[in-house]
Each structure stands twice: as C-alpha cells, then as structure tokens.
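Hi everyone, thanks for coming. Please have a look at the structure on the screen, and then I'll walk you through a few places in it.

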Amino acid sequence: MLVRTSFAMLFVMSPLLLAAAPEQSSGVTALSHVRVIDGTGRTPLEDATVVIQGNRILAVQSGTEAIPAGARVLDLHGDTVMPGLINAHGHLALVADGQNSATAYTTENVISELRQYESYGVTTMLSLGVNRDLLYDIRQQQRQGKLDGATVMTADRGIGVPDGAPALPAAPDQLYRPASAQEARSAVDAMAKRHADMVKIWVDNSGGTMPPMRPEIYQAVIEEAHKHHLRVAAHVHDLADAKSVVSEGVDVLAHSVRDKPVDQELISSMKRRGVWYIPTFTVDESFYIYAEHPGFMQLDFFKDAISPVLLTMLSSDAYSQKVNRDPKTAQHKADFAMDQKNLKALYDAGVRVGFGTDSGAMPTRIPGFSEHRELEDMVQAGLTPMQAIVCATRSNAELLGIEAVRGTLRPGKRADLIVLAANPLDDITNTRSIISIFHDGRTVAPRVPVVMAK
C-alpha cells in the first residue's frame, strides 16, 4: 500500500471515531485544492475549496479565497470531494451469523449496521420496512446528536401479505399483514402516529409462489398514507403490478420491473404522476455474482464488509456449484439483464430515478459495499458516472424529502461528503477509493481507507 502522510493519516489513525458518540466540531475546516462533484450534475469545480463550519457547509468556491482566518486547512492535493451517498432502499438487522433471523433486530445490531453504512460513505439511509419500533429511539438519538452512524429514516414495519411476501423471518412487531382494507388503514394510521418517514407495501406474488396483495389492500394503504402526507413505496417485480400501483397513486417503485420491457403506458403514467423508480440491481445480481468469483471479492473493500464465515462460504467451490446447479440462476441473470434495459429506457425517457440496493435484506446484500457496486451496475446499464452519482445524492434527497438539507454540496446544507483519492467520473469504481468521510461535519474513519503518496 502506498502511503500519504498528514491528512490521510488522521483518519487511518482514528478508528475509535466509529465507536464513539458523535462529536460535533464548532470550528471551521477548509478542504483546499480539491475537485468538487457537488451532486447537482454540474461540471466539477477544479482546484476548489470546501469550507465546513460545525455540521454545515459554509462555502464551496474556486481557489482559496473563501478560507476564513483561523480555519484549519487540509490541503488535499487534487483529491475529489463528492456528497455522501444516500440509500433510499436498505434494511437493518435482518441478518445474524450469516443467516436471516427473526431475532437479529436488536439495538446493538442496528447501530452496528448504521456504522458500517457510514464507514463506506453512505451517510443517509432509509430502512424500507421490516423494522421494530426500537428504531425510532435510535433515530431520535441521532437527531439529538447523541449517536453516530448513517442518518437513518424508517418505513416502520411495512405492509405485507398474509402467507405471502415478504418471505423473511420476522418478529410479530416487524410486519403488518392486513387481511382487510380496514386493517390496512389502521396499520398506516399506527405508523403515521409513530412518525414513519415512508410506507412500504409488498405487492407481487414472488413468481407465482405466493398470494399477491389484493388491490383493495394497496388502494387503502395508498389513500390512507397520503392523508398523512406519507409517500408509499411498492415492492414490485412485474410490469402489470407496476402499472396497477402507479395508477392507484404509489409514489415509488422500490425495485426494477424485471419480467418485461417497460412500455410507453408505464413511462407516461410515471412521468405524469412524478413516480420514482429505484432499480436495485444488486438484488438480482446477489443471487449469482459471487459464484463467478469476480475480482472485487479479492479487495479488502469487499472482504471487510462481511464476516469471515460468509466470505469463506461465498468463496468456496461448493457454493459455486450450488448456484450453478440452481435452476433459478438463469432466471436471476435474465432479471438482471431486464433490470439494465429498463433502467436505461426509463432514465432516457425522463422518469425520476433514485438509488437503492436492498442491502441488509439478505446475507449476500451487503451494507456499504452494495451501494458502490450499485453505482457500477448503473453505469453498466448505460448511465454516465455523473448521472449515477446524481441519482445517489441529489435525486435521492428529493425522493426522501430532505433536499433542503442533504444531497448536494451547497452552502447551508449538512456537511455530508466523501473525499476520494481518484476521480469517479473517470471510473465509477473510484468511489471505493475513500480517503475520508465527513458526516454532519464530523470526521468518520472509512472502513477501508485508501492511503496514497503524492
């Protein structure tokens, strides 16, 4: 490993920053001589300075004239600064010891995963369902400045189907499965009373293996949620389901359409209604990619995100053989290919595209790492690196209704940013070259710091 001294070593030598309660800086820090990708899609600002005061961005300007007297100046020698990533579809504490578990959702596990997200530059995440009420206390502690980790938002328990999706082990207080429209409305009312940030519904029939959500249920959920000014995100797979929930007023398609190419009817309806689309490529890819032993599995950036037991299992020949023999593998690959085709079609047509991964939902969907892999998959689908970055920053802030305070590097917004050793516009995998992270103005040690000589 090459070694850069001074600024980079500050973070390499400070691992306790992840384990401690956040310490807000009241002073002024200036990051000088940086390339700024501000999250808006504008041409990057070269040889610029980002000034942070407390938990806010004070200035973003060319040159060094914006640096106030007495500021701590960190000369970054041409490194790239971009906004912290925002994940609008993740999960928390659903996995323990490499398996999904109904007992995994504890305060300790939630905090641990929020810290993992944060240490990979994911500074904000929405836990999109299957949450216990203890998450509200964690959210409140964060808002009071008493707890670190990725800033969490919650879709509460979410609304599934009796004997249907989601097919996850869960405690009784992690999911609603209403049998009637009135039960569905009552569930939404309860979530709204707890101040959920969004409502989640599982609509599809899991490839014909489970009963789907009946239309009168999701109609009631959407109507009741909108009464409480809450957006609704739908777990979908098929084009027909996507069309149905969009026509009923859903706000977000939380997964890709994977059975057929999207058509003009869906595109027009989504644009007219302002519906968001979150592709979650890593969902389908996670079923087979590790069996192919891709090069990223040799990187510490990947290895440090998972347990040694899981790494050993995913790296084994036995696992590869199991995946390759599985008759569902061909379908997962076909779904991924359709994912890619549909994202490009929707993006080019002007549909609003967000960013999410479903990380944390299963052992192979890995918090922190999956977000960087998702960016790579979006570029593979035909988006430019800048377009993918905007989806994961400004666009997602708009999707979550937090664009006034997060998502772009603009004066007055929260100081959520990642310092990179290489330019992700040259190669989107350069988002992995994390030297340092700032979240709400405090420094956070990256899980796998890149330290290079200049």
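This is a predicted model: local features need pLDDT of at least 70, side-chain atom pairs count only at pLDDT 80 or more; totals for chains, interfaces and linings use all residues.

Helices (H or I, at least four residues) and strands (E, at least two) are DSSP runs, numbered from the N terminus. Residues are numbered from 1 along each chain as its sequence is written, and side-chain values use heavy atoms, with hydrogens and water left out.

OK, first stop: α13 and α14. Helix α13 covers residues 369-380, helix α14 covers residues 385-400, and their axes come within 9 Å and cross at roughly 135°. (Axes are lines fitted to C-alpha atoms, for helices over the stretch in contact, and angles run from 0 to 180 degrees between N-to-C directions.) That angle makes α13 oblique to α14. For the wording: under 35 degrees counts as roughly parallel, over 145 as roughly antiparallel, 65 to 115 as roughly perpendicular, and the rest as oblique. And the handedness? The crossing of α13 and α14 is right-handed.

Which residues of α13 and α14 meet? From α13 we have Leu375, Met378 and Val379, and from α14 they meet Pro385, Ala388, Ile389, Cys391 and Ala392. Contact here means heavy atoms within 4.5 Å. By class, this contact has eight nonpolar residues, no polar ones and no charged ones. Ala, Val, Leu, Ile, Met, Phe, Trp, Tyr, Cys and Pro count as nonpolar, Asp, Glu, Lys and Arg as charged, and the others, Gly among them, as polar.

Now another pair, α6 and α7. Their axes come within 10 Å and cross at roughly 30°. That makes α6 roughly parallel to α7. Here the crossing is left-handed. On the α6 side the contact is made by Leu239, Ala242, Lys243, Val246 and Ser247, and on the α7 side by Glu265, Leu266, Ser269, Met270 and Arg273. Sorted by class, that gives five nonpolar, two polar and three charged residues.

Let's stay with α7 for a moment. Its buried residues are Leu266, Ile267, Ser269 and Met270. Buried means under 20% relative accessible area, exposed means over 50%, and partly exposed is in between (1.4 Å probe, protein chains only). What covers those buried residues includes α6 (239-247), β13 (252-253), β14 (276-277) and α12 (329-349).

Look at Arg273 too, which lies in α7, residues 264-273. Is Arg273 buried or partly exposed? At 43% relative accessibility, Arg273 counts as partly exposed. Leaving aside neighbours within four places in sequence, Arg273 is in contact with Val246, Ser247 and Gly249. Val246 sits 27 residues away along the chain, yet the C-alpha atoms of Arg273 and Val246 are separated by 8.0 Å. The side chain of Arg273 also reaches the backbone oxygen of Ser247 at 3.3 Å. Just after α7, Gly274 takes a positive phi of about 70°.

Next, a couple of loop residues. Thr357 is found in the loop between β15 (352-353) and α13. At 0% relative accessibility, Thr357 counts as buried. Not counting residues up to four places away in sequence, Thr357 touches several others, among them Asn87, His89 and Glu371. The side chains of Thr357 and Ser359 are joined by a polar contact of 2.8 Å. (A polar contact is a pair of N or O atoms within 3.5 Å; within protein, one must be able to donate a hydrogen and the other to accept it, and residues adjacent in sequence count only if both atoms are side-chain atoms.)

Last, some backbone details. Ala165 and Pro166 are joined by a cis peptide bond, with omega about 0°. Pro166 has its place in the loop between β10 (151-154) and α4 (181-193). Asp97 is not a glycine, but its phi is positive, near 55°. Asp97 is exposed, with a relative accessible area of 75%.

That's my tour, happy to take questions!

How values were computed
A crossing is left-handed if the near helix is turned anticlockwise from the far one by less than a right angle, and right-handed if clockwise.
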